[in-house]
Amino acid sequence: MHDATCVALPQLIQPQRGYRFSADAVALAEFAQASATDSVLDLCSGCGVVPILMWQRSPFRYGVGVELDPELAALAHRNVTQLHLEDKIHIVQGDIRFLRPRDLQIISPAVSSGRFDAITSNPPYWPVDHGRLNPNLQKAAARHEVFLKLEEVLAAAQRFLKPRGRLYLCHLESRKDEILENIERADLLIRRTQSVSGLPGRLLFEAHLN
């Protein structure tokens, strides 16, 4: 079991009325592993919480956070800047479905190869036809697959990982079979899964690129 409360949270700027990160992101940041020589890519980065918390626990060589929503991407950049991490974590506002490694090399001067040692993602959990969509589009897109589906997240991970690179994913236990099937399709090999203490129905996945 994983304790999602063991990270000391910095004061991060978040939307007043839009999507705000939850304990899922904190648990993912604790679960993911990165060394001082690793490059890290965070997909669906929100306000930048995952790479910031990972850096706080174990500094890595450099990181990139990609976020589709312009407001969240701007807040992520502000959070990185206020913590004086702008030389280590670069925030990109963009759509991971269409970005390629070369694009990140052009956008971010810190990116050397466009491929990463470790990728983290806390993507939307629910298909659009499951439950009620939040009337706030930012919240709806963070919780439901309005703009981004599970298989597209895993396809991006495959595209951006170095050989033998690692993917760390937080998702729903109820979709475990679907997740494992799509991980295999993306040429990723599952290494471990872990439940999250205090968050029933959540699972953390670690998979490596074959």
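Which residue in S8 is the bridge partner of Leu167? Keep that question in mind during the tour, which ends there.

The model is predicted, so local features need pLDDT of at least 70 and side-chain atom pairs count only at pLDDT 80 or more, while totals for chains, interfaces and linings use all residues. Residues are numbered from 1 along each chain as its sequence is written, and side-chain values use heavy atoms, with hydrogens and water left out.

Select residues 23–31 to begin, which form helix H1 (helices are DSSP runs of H or I with at least four residues, strands runs of E with at least two, numbered from the N terminus). Because 8 of the 9 residues are buried, H1 is largely enclosed by the rest of the structure, where buried means under 20% relative accessible area with a 1.4 Å probe, protein chains only. Among the buried residues are Asp24, Glu30 and Phe31.

On the H1 side, the contact (heavy atoms within 4.5 Å) is made by Ala25, Val26, Leu28, Ala29 and Glu30, and on the H2 side by Val49, Val50, Leu53, Met54 and Arg57.

Strand S5, residues 116–121, runs parallel to S6 and is joined to it by 5 bridges, with Ser121 opposite Leu169.

Finally, select S8, residues 202–209, which pairs with S6 in the antiparallel sense over 7 bridges (pairing requires at least two DSSP bridges); here Ala207 is the bridge partner of Leu167.

Methods: Buried means under 20% relative accessible area, exposed over 50%, partly exposed in between (1.4 Å probe, protein chains only).
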